[in-house]
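Open the model in your viewer and get ready to click around. We'll go stop by stop, and each stop tells you what to select and what is there.

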Amino acid sequence: MARTQIEAAREGTVTDAMERVAERENRDPEFVRAQVAEGQAVIPANANHDALDPMIIGREFATKVNANIGNSEETSDRETELEKHHTAVHYGADTVMDLGTGANLDAIRETHVEHSPVPIGTVPLYEAVKRAGSPEDVTKGLLLEVIEKQARQGVDYMTIHAGILAEHLPLTDGRKTGIVSRGGSIMASWMEAHGEQNPLFQVYDELCGIFAKYDVTFSLGDSLRPGCLADACDEAQYAELDTLGELTRRAWEHDVQVMVEGPGHVPMHRVAENVERQQAVCDGAPFYVLGPLVTDVAPGYDHITSAIGAAMAAQAGAAMLCYVTPKEHLGLPEEEDVRDGLAAYRIAAHAGDVANDRPGARDWDDALSEARYAFDWREQFRLALDPDRAREFHDQTLPGDNYKEARFCSMCGAEFCSMRIDQEARRDGEMETLDDDRDGGTDLESSPAAEVNRPPVGTHESGDLPSVDDENDYPVERADDD
Ligand code: SF4
């Protein structure tokens with residue numbers, strides 16, 4: 001019996017996971033099988049992860065978003081970590097990476113796997129360093145032991161920093177920000193201390209054996225990703241990418257699924273180049289990118305700087321986007337940061353899917369636009385990427401139930417609501433004359449359009465729309481209307 005999804009696919013078998021993925025993506029199961037067989041897509045699904053609802057990562061499928069969570073020495077209880085996990089999934093993470101470095105790592109990881117409907121990813125090197133006490137004291141035996149244990153626990157994919165080689169290290173000497181990947185800096189320090197090749201590279205075939213046994217998917221780490229625009233697309237980054245291409249093919253020889261991680265910080269005019277190069281060098285293996293941030297000057301807003309790059313990467317063919325929160329470079333994200341980061345990345349992913357004409361992607365936009373033009377506020381909120389945020393913002397100024405029937409919002413106001421004016425003109429066949437009439441402004445009290453849009457009975461006059469500041473004086477009952 002096939003041990004991995006790729007092995008089954010190569011044998012011509014459509015697995016239950018492939019059937020489920022096809023259903024979720026509105027694709028033919030045979031297409032899913034062929035994509036997995038050719039290594040163009042992965043289904044991270046550890047045989048020991050019973051709670052998983054299988055999903056697929058590949059450039060022909062909907063772009064996915066990962067959220068990182070994890071404890072530190074200060075916060076290490078299972079409930080807190082599970083709460084973070086829940087928040088990430090609630091706000092739309094397709095996979096969750098547990099990057100914990102604190103206490104109780106095994107118990108927390110097992111809790112994640114036990115409860116998670118989405119794939120769990122880890123960076124096992126972090127646990128190995130924690131157990132060894134320092135990067136230099138990590139051994140090849142310890143790396144294999146930690147990785148096998150995490151595989152047995154049900155982790156679906158692991159970042160493995162096997163692509164950074166001793167001969168790459170001098171190439172980073174002229175960089176502005178050196179090696180910014182945590183795993184990369186650990187491996188570099190190990191190689192310098194031992195005068196040996198990267199230990200993960202040395203044991204790579206044994207790793208493939210472990211991954212094949214449990215069907216763990218490689219996420220080949222980009223240890224030399226650029227940490228600033230000045231270092232983007234340099235010799236070090238692309239030398240490591242060549243090694244990642246070789247490691248991809250070696251994993252495929254073992255019937256192991258692979259995706260490849262990418263940068264980082266890249267200016268807009270070179271984002272597509274990065275995706276195209278990875279796709280060529282790694283024979284189409286799915287590209288999993290962090291951002292990239294397209295400028296370095298906006299700490300506090302790096303969910304935006306990176307979502308711009310992520311949208312461009314998605315359009316160019318990246319398969320999964322690792323989210324960045326507003327706290328990037330500054331501190332540990334709180335729940336609201338996770339929410340903002342995931343919203344930014346789901347926008348980037350969806351924008352890429354629309355641009356690439358993924359099945360059903362544009363339907364979402366069209367449905368929301370129709371609800372918007374129909375002034376169907378409840379439907380607009382329901383369809384919104386973040387329904388709670390959309391409703392909250394609308395209700396800050398127009399909170400009452402009655403305003404869910406209104407044909408305007410407080411942005412343009414009742415008199416100047418362009419969609420309402422447009423609809424009136426079309427209904428009355430007066431598109432031409434309306435323009436003329438507006439030269440002198442629309443009379444709110446007497447125009448037919450204003451009549452239609454007057455707030456429903458029982459509320460204040462439209463001229464008394466409340467501001468946020470005087471909401472306590474607002475006479476209409478605030479309603480949690482649905
Ligand atoms: S008032 Fe302006 S923003 Fe609000 S619904 Fe009308 S056109 Fe749209």
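Before we start, one definition: UniProt positions are given here in the numbering used for this structure, and its annotations may be inferred rather than shown by experiment. Also keep in mind that this is a predicted model.

**Stop 1: the annotated cysteines.** Select Cys409, Cys412 and Cys417, which the unreviewed UniProt entry lists under "binding site". Which residues are around the ligand? You'll find Phe375, Cys409, Met411, Cys412, Gly413, Cys417, Ser418 and Met419.

Stop 2: Click on Cys412, in the loop between helix H17 (387–397) and helix H18 (413–416). Cys412 has 38% relative accessibility, so it counts as partly exposed. Next, go to Cys417, in the loop between H18 and helix H19 (418–428). Is Cys417 buried or exposed? Its relative accessibility is 7%, so Cys417 counts as buried. Leaving aside residues up to four places away in sequence, Cys417 touches Phe375, Arg407, Phe408 and Cys412.

**Stop 3: helix H10.** Select residues 204–214 and pick out the buried ones: Tyr204, Leu207, Cys208, Ile210, Phe211, Ala212 and Tyr214. While you're looking at a helix, here's a handy rule: an α-helix has 3.6 residues a turn, so residues three or four places apart point the same way. What covers the buried residues of H10? The cover includes helix H7 (140–153), strand S6 (157–160), helix H9 (199–202), S7 and H11. Step just past H10 and you land on Asp215, which has a positive phi of about 60°.

**Stop 4: Ser223.** Move on to the loop between strand S7 (217–220) and H11, where Ser223 lies. With 0% relative accessibility, Ser223 counts as buried. Show what touches Ser223, skipping residues up to four places away in sequence: His161, Ile164, Ile179, Ser181, Gly184 and Glu240.

**Stop 5: helix H11.** Finally, select residues 235–253 and grab the distance tool. The 19 residues of H11 should span 27 Å at 1.5 Å a residue, and the end C-alpha atoms are 28 Å apart, which agrees. After H11, look for Asp255, whose phi is positive, near 60°.

Methods
Residues are numbered from 1 along each chain as its sequence is written. This is a predicted model: local features need pLDDT of at least 70, side-chain atom pairs count only at pLDDT 80 or more; totals for chains, interfaces and linings use all residues. Side-chain values use heavy atoms; hydrogens and water are left out. A residue is near a molecule or strand if one of its heavy atoms lies within 4 Å of it. Helices (H or I, at least four residues) and strands (E, at least two) are DSSP runs, numbered from the N terminus. The expected span of a helix is 1.5 Å times one less than its number of residues. Buried means under 20% relative accessible area, exposed over 50%, partly exposed in between (1.4 Å probe, protein chains only). Contact means heavy atoms within 4.5 Å.
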